[in-house]
Amino acid sequence: MEGVDILLHERSKTQFDVDAMKIVWAGSRHAFEVSDRMARLVASDPAFQKDNRTRQGRKELFKNTLRKATYAWKRIVELRLTEEEAGRLRFFVDEPAFTDLHWGMFIPAIKGQGTEEQQQKWLPLAYKMQIIGCYAQTELGHGSNVQGLETTATFDPDKDEFIIHSPTLTSSKWWPGGLGKVATHAIVYARLITNGEEHGVHGFIVQLRSLDDHMPLPGITIGDIGMKFGNGAYNTMDNGVLTFDHFRIPRNQMLMRVLQVTREGKCVQSSVPRQLIYGTMVFVRQTIVADASSALSRAVCIATRYSAVRRQFGSQDGVETQVIDYKTQQNRLFPLLASAYAFRFVGEWLKWLYTDVTQRLQANDFSTLPEAHACTAGLKSVTTTATADAIEECRKLCGGHGYLCASGLPELFAVYVPACTYEGDNVVLLLQVARFLVKTASQLGSGKKPTGTTAYLGRVQDLMQCRCEVQTAEDWLKPSVMLEAFEARSARMCVDRAQNLNKFANPEDGFAELSADLVEVAVAHCQLIVVSNPNQETCDPGDIGNSANHEATTNEPNTYTFETISALSISGVWFIEKLQQDIPGNGVKQQLQSLCYIYALNLLHKHLGDFLSTGCITPKQASLANDQLRSLYSQIRPNAIALVDAFNYTDHYLGSVLGRYDGNVYPKLYEEAWKDPLNDSVVPDGYNEYIRPMLKQQLRNARL
């Protein structure tokens, strides 16, 4: 069956221009071309082969990762790839490695928190990989509570040096990727102490290992923290443990863009506002949201293709029914497909948000910073939680075969699920969002107008009184109706939680007692953001933002500011207007509209208790929403394979026998089984020592 395209018939049903959808997914024609070129480059190079990754022992696995990462850098240099191209190449290599933290955390930290002089000294070395950096913040005893970090950096004015020290076991740096065996340098976060006085947690550039023999420097104890969850997966990464024993560094290795320590040990605030460092945080979180869409789309691609290949029951004329045709399968699968697109577009929107916030900070405009912090924190939490759950659901959707490493799903889950914890525990982040929402609600009476994604709270009186006007299932396809339902839900939950908090004499006691309820309102707010902003992208990517429609023809980004968001959030009119505009590609707009409604209506169904308890909709209207949802599944069904083809993933990147482009699953699955080391011999090792004595009733003489 080699070369047979089992899914050819499925693709013949497609009702839209797949190539145009690929550009929408990529964000622009330029982004698509770069991504496609790098994906094919990696897939065609045997050096990046990863078929046996889940069968390798830890040492072999890690050494192979070092080889791949180094080879990738060699190719980047040889081909003179741009920073964008290099990033996509590393993405498609698809193996967690020390380079992830070097490029994703170490360099951005120096750029964001280092002075001009520090950047001039350290960035050229980092860009050439002459030093390899990591980001050492989390400790054995503290993660989310950064202010609770115990590592100290005490200034010694006599020698003009900081003394970095780990005073307790729990102050050991724990988890930083790349730290265990590879990094030569780290951004170490420690409590700044000068003249016996503490000045909070700050970052320091610390050399960890000799650049000659790679041995840890005196005063440093360093190693790997051990195996993590899953086969392959994040075990390619050397997550490390690090302790300091009164280790000295020069004063000029403290990151001093915001706060400077003088030769005499005085702390002096620089002219650069402290808030500027939050730009790095926004950058990292928008990257995490983008990664969520990549991981989710990958899992959905595998599950969708296999659901079309797999046949079970319902035999008519000897042909069983495709699993994807069962409504129960569609009800579980298609909302995940819609979520992949939704997260993709909200991730793109966050890129523009990062640009807007950065420009404002540089102009000393901090007005949007609290809202940006809450927005990025909440979206990081909501998208990563949903993606982790969705990958596991995709594994279940593939039945028993989904449990095989060959499906690619167990490793994908294992490598992705840490995203729910790193860069802020998801529940902790939602509580931060809730605190911001409650504060915003409490200020409504003062006349302070909410901005950005909270602008809808400025209409809270109307939203508290409005009643959903849905009378038929088709009414749920009216953008203004959908948006109003989500806004009313979020606004009413926010007001309710704020009123409950007011019953407590001590607000902090109330916040602690009602924290579970507050998490729910934060989720509602963040889901509103995803429902509205993907609609801005998918219902017509040409009107606002760095859109596929605009970039497909011009390759030039539009601007997208907080004022724009506020204006759009005030009314549902923008959605209606956008629906009237064109999106390049036959049928593309219709498919994206269907996905938008599936995403929103599925959320309504999953959180029906919120909508009913707040009086946003009636039980009858909820039933009509389910009717419309089933109708949308039928519309998506003939296009399901084409919609995952639009992700443009190579078989190499997917790393799944079940998700093969040609659908030729069973022969390849059978072939894969024989590659397992257990099948190297017909009779297993240990037969004579254990199995034979049992079969021959000779256990008394067995050497157990």
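Biologist: Which residue of β8 is the bridge partner of D224?
Modeller: In this predicted model, D224 has G240 of β8 as its bridge partner.

Biologist: What makes β7 and β8 a pair?
Modeller: Two strands count as paired if at least two bridges are found between them. β7 and β8 (residues 240-244) have 5 bridges, so they meet that condition. The sense of the pairing is antiparallel.

Biologist: Why are β4 and β7 called edge strands?
Modeller: The open sheet has 3 strands in the order β4-β8-β7, with antiparallel pairing. β4 (173-174) and β7 (220-224) each pair on one side only, and that makes them the edge strands.

Biologist: Which way does β5 pair with β1, and where do they meet?
Modeller: β1 (residues 133-136) and β5 pair in the parallel sense over 4 bridges. A136 stands opposite V188 in β5.

Biologist: What makes β2 and β5 a pair?
Modeller: The threshold is at least two bridges, and 3 bridges join β2 (residues 152-156) to β5. These strands run parallel, and T152 has R191 of β5 as its bridge partner.

Biologist: How many bridges join β5 to β6, and in which sense do they run?
Modeller: There are 9 bridges between β5 and β6 (residues 197-207), which run antiparallel. A190 stands opposite H202 in β6. The hairpin of β5 and β6 has 2 residues between the strands, and N195 in this hairpin takes a positive phi near 50°.

Biologist: Why is α10 described as largely enclosed?
Modeller: With buried set at under 20% relative accessible area, 21 of its 29 residues qualify, so α10 is largely enclosed by the rest of the structure. Just after α10, G399 takes a positive phi of about 65°.

Biologist: What makes a space a cavity, and how many are there?
Modeller: In a cavity a 1.4 Å probe fits but cannot get out. The search of the whole structure finds 4 cavities of 30 Å³ or more. The largest cavity holds about 130 Å³ of space.

Biologist: Which residues line the largest cavity?
Modeller: There are 13 lining residues, and A69, A72, R90, A97 and T99 lie nearest the centre. Two or more residues each come from α4 (58-78), α5 (83-93) and α6 (98-113). α4 gives the most, with 6 residues. By class, 7 are nonpolar, 2 polar and 4 charged.

Biologist: What is the volume of the second largest pocket, and which residues lie closest to its centre?
Modeller: Its volume is about 900 Å³. Of its 35 lining residues, D51, A406, G655, V657 and E672 are the closest to the centre. α25 gives the most to the lining, with 5 residues. The lining has 12 nonpolar, 8 polar and 15 charged residues.

Methods: Residues are numbered from 1 along each chain as its sequence is written. This is a predicted model: local features need pLDDT of at least 70, side-chain atom pairs count only at pLDDT 80 or more; totals for chains, interfaces and linings use all residues. Side-chain values use heavy atoms; hydrogens and water are left out. Buried means under 20% relative accessible area, exposed over 50%, partly exposed in between (1.4 Å probe, protein chains only). On a 1 Å grid over the protein atoms alone, a cavity is a set of points where a 1.4 Å probe fits but cannot get out, and a pocket is an open set with protein on both sides within 12 Å along at least five of seven lines; lining residues have an atom within 4 Å of a point. Grid points are joined across faces, edges and corners, and a volume is the space filled by probe spheres set on the points. Ala, Val, Leu, Ile, Met, Phe, Trp, Tyr, Cys and Pro count as nonpolar, Asp, Glu, Lys and Arg as charged, and the others, Gly among them, as polar.
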